[in-house]
Amino acid sequence: MSLSFSLAVQELPLFPLPDVVLFPGRPLPLHIFEPRYRMMMNTVLDTDCRFGVLLWDQETKQPARVGSCAEITQVDRLPDDRMNVLTVGIKRFRVLEYTRQKPYRVGLVQWIDDEPVEGDLSALTQEAKKLLADVVRLSSKLMEKPLQLPTLPEEPLELSYWIGGSFYGASEEQQALLELQDTARRLQREIDILQTTLKHLAARTVLKDTLS
């Protein structure tokens, strides 16, 4: 049965992953090797190619309640039924309850969106893009190799997802951004993070230049 986002509530297979927060529009490559998740992927591939990705908390041993639905776009089958899959995030959800725990989790989920945007967010988007460009420029200088910023989304919501998905190694912060339902607040928080990052990079650049 095809997954319909017109339904407010839907049953969805769930894949908890440590240190991984998937945002809509962002790619996620996965290597599937555990028997239960090989089983899940084979089932998903026979239906609508969609499943939920949730951040797994290593301390509490529990998955987050908010995640993103992933859609499989490419599959490379390996020996022993292992597989490499390429997925892309398509929509956020909140887990209402688990309908099954074994061999893998299946949950009843509610699709969530940001609240309607009030006002013009162009100033926020331009500031975020400029900070991203500055971060890439200084990172390139520190690493002594050219880094290229890809073409960024124009829409504030899509841009906020793109930036949130780029904060690798900061899964708790990413999860907080994913759970926000206010585009302006998400962009402002990302601007704050980028400004802090830029200050650290600038200090390291000065130190590097001094030592050189």
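Tutor: Welcome! Since the model is predicted, local features need pLDDT of at least 70 and side-chain atom pairs count only at pLDDT 80 or more, while totals for chains, interfaces and linings use all residues. Residues are numbered from 1 along each chain as its sequence is written, and side-chain values use heavy atoms, with hydrogens and water left out.

Student: What makes domain 1 and domain 2 separate units here?

Tutor: The split into domain 1 (9-111) and domain 2 (121-211) comes from an automatic or database domain assignment. Taken over C-alpha atoms, their centres are 27 Å apart.

Student: How do you know which residues are in contact?

Tutor: Contact means heavy atoms within 4.5 Å. By that rule, 13 residues of domain 1 touch 15 residues of domain 2.

Student: What is called the buried area between domain 1 and domain 2?

Tutor: That is the accessible area (1.4 Å probe) that two parts lose on being put together, summed over both. Here the value is about 1,200 Å², with 59% from carbon and sulfur atoms. On the domain 1 side, F23, R26 and R92 lose the most, together 52% of what that side buries.

Student: How many salt bridges cross the interface of domain 1 and domain 2?

Tutor: A salt bridge needs a side-chain nitrogen of Lys or Arg within 4 Å of a carboxyl oxygen of Asp or Glu. Across this interface the rule finds zero, so no pair there is called a salt bridge.
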